[in-house]
Amino acid sequence: MYRGREGQWAFLLHRLSGLAILAYLLLHVFSIGSFIFGERFYMAIHETYDLWPFRIGLVFVTAGVVYHAFNGLRIIVMDFTGFGVAYQRQMWYGVLLISVAAFLYAAWTLYPRLVGGY
Amino acid sequence: MTQTHAPTSAAPVSASVPMIQLKVKVLRFDPEKDKKAHWTTYDVEAQASDRVLDVINHIKWYMEPSLTFRRSCMHGICGSDAMLINGRNRLACKTLVRDVAKSGGTITVEPIRGLKVEKDLLVDMEPFFDSYKAIMPYFINESPAPAAERIQSEEEAERMAHSSNCILCACCTTSCPIFWVNGSYLGPAAIVQAHRFIFDTRDEATQQRLGIMNQNTGVWRCRTAYNCTEACPRDIPITQLIEEVKRAVMYGQA
């Protein structure tokens with residue numbers, strides 16, 4: 001493991017959250033589009049989404065989208081301004097803080113679903 | 001520090017300098033014997049103020065003569081001894097033992113990543129220098145030379161002050177996570193070198209170099225992981241320079 005500092009982990013999390021969002025989007029398009037094969041097929045897929053890994057995954061998807069979006073803003077600031085590079089570390093901690101807040105808020109609002117299902 | 005007796009002139013100087021015990025873990029690879037690299041640990045006695053290079057030299061000279069690595073000037077100028085020391089790229093000759101290990105501690109030494117390991121800590125630097133050559137690292141100015149110097153103002157010289165500090169040690173390029181997985185990326189060192197000529201007011205090949213930087217092996221592969229900036233033994237703000245080149249490419253100016 002290379003002992004990089006904040007920037008390396010910001011990059012890695014950005015890449016991972018991006019891939020997770022892509023996977024979620026493809027899954028989403030497929031499962032909604034599956035209605036063309038009939039209602040039974042569609043419902044079979046959507047009933048599996050009631051399994052606990054999917055319920056918990058929803059909270060992580062929310063945090064991932066928020067992280068990717070706000071870190072994207074951090075990258076834009078770095079790319080377009082000179083001071084962005086100087087304050088990238090502080091901005092990243094801000095991004096993490098917002099992502100954790102989003103995670104907690106999503107967990108809070110989704111709590112009935114997380115424990116009780118749909 | 002407590003001393004049991006005052007050093008006398010008869011006592012050797014080294015007797016009064018406290019020694020510390022170190023375990024030095026080196027990732028070794030002999031292409032004639034090994035299929036895979038393997039860790040070998042050496043117990044070494046050193047001073048806290050020794051450089052890591054002194055410790056590695058000690059191993060080579062007194063313990064394991066076959067240990068292979070590059071070093072030349074040993075003063076942080078030639079850029080030969082870039083190594084992955086305790087998980088970070090550094091020059092072995094600019095890293096003090098006390099900054100990476102306490103007494104009884106361990107120092108790990110690996111070859112820099114992303115380049116083919118020839119033997120032990122020695123890697124094939126050719127791809128690195130190919131990237132360097134690709135950015136045309138030489139002064140280009142076809143207009144007739146003036147009678148005296150080509151004049152630059154202090155501000156103009158300041159523009160390329162950081163990028164002209166590079167010693168091509170490869171600490172930055174081989175710390176880049178993009179370079180590890182995509183060897184065709186020119187890498188931070190080549191971009192820093194390009195920056196040195198792009199922002200040189202006397203040079204006339206700016207547009208050509210911006211064109212090279214705009215290719216898919218160029219500056220856009222940078223994902224701002226900042227490992228290069230942390231690794232640079234010359235304290236060049238590499239990511240900042242890369243961002244400047246990005247903006248120069250985007251706005252088509254320098």
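Predicted model: local features only at pLDDT ≥ 70, side-chain atom pairs only at ≥ 80, totals over all residues.

Author: Chain B has 254 residues, of which 40% count as buried. When contacts between residues at least 6 apart in sequence are considered, 66% of those in chain B join residues at least 24 apart.

The domain assignment divides chain B into domain 1, covering 18-111, and domain 2, covering 126-139 + 156-251. Between the C-alpha centres of domain 1 and domain 2 of chain B there is a separation of 28 Å. The two domains of chain B touch each other, with nine residues of domain 1 and nine residues of domain 2 taking part in the contact. On the side of domain 1 of chain B that touches domain 2, the element that gives the most is strand E4 (residues 88-91), with four residues. By class, this side of domain 1 of chain B comprises three nonpolar, three polar and three charged residues.

The largest nonpolar core has 77 residues. Within this core, the residues with the most contacts are B:Val52, B:Val55, B:Ile107, B:Ala170, B:Ile191 and B:Val245. Helix H6 of chain B (residues 188-198) supplies the largest share of the core, namely seven residues. Both domains of chain B are represented in the core, since at least three residues are drawn from each of domain 1 (18-111) and domain 2 (126-139 + 156-251).

B:Ile191 is among the residues with the most contacts inside the core. Leaving aside residues up to four places away in sequence, B:Ile191 touches B:Leu186, B:Met213, B:Val219, B:Ile242 and B:Val245. Of these partners, B:Val245 is itself listed among the residues with the most contacts in the core.

Chain B also has a neighbour. In the contact between the two chains, 13 residues come from chain A and 14 residues from chain B. On the side of chain A that touches chain B, the elements giving two or more residues are helix H1 (6-33) and helix H3 (52-80) of chain A. The residues on that side of chain A divide into six nonpolar, four polar and three charged.

Key: Residues numbered from 1 in each chain as written. Chains lettered and ligands numbered in written order. Contact = placed C-beta atoms within 7 Å. Nonpolar A, V, L, I, M, F, W, Y, C, P; charged D, E, K, R; others polar. Buried ≥ 20, exposed ≤ 12 C-beta atoms within 10 Å, placed from the backbone. Domains from an automatic or database assignment. Core = buried A, V, L, I, M, F, W, Y, C linked by C-beta atoms within 7 Å.
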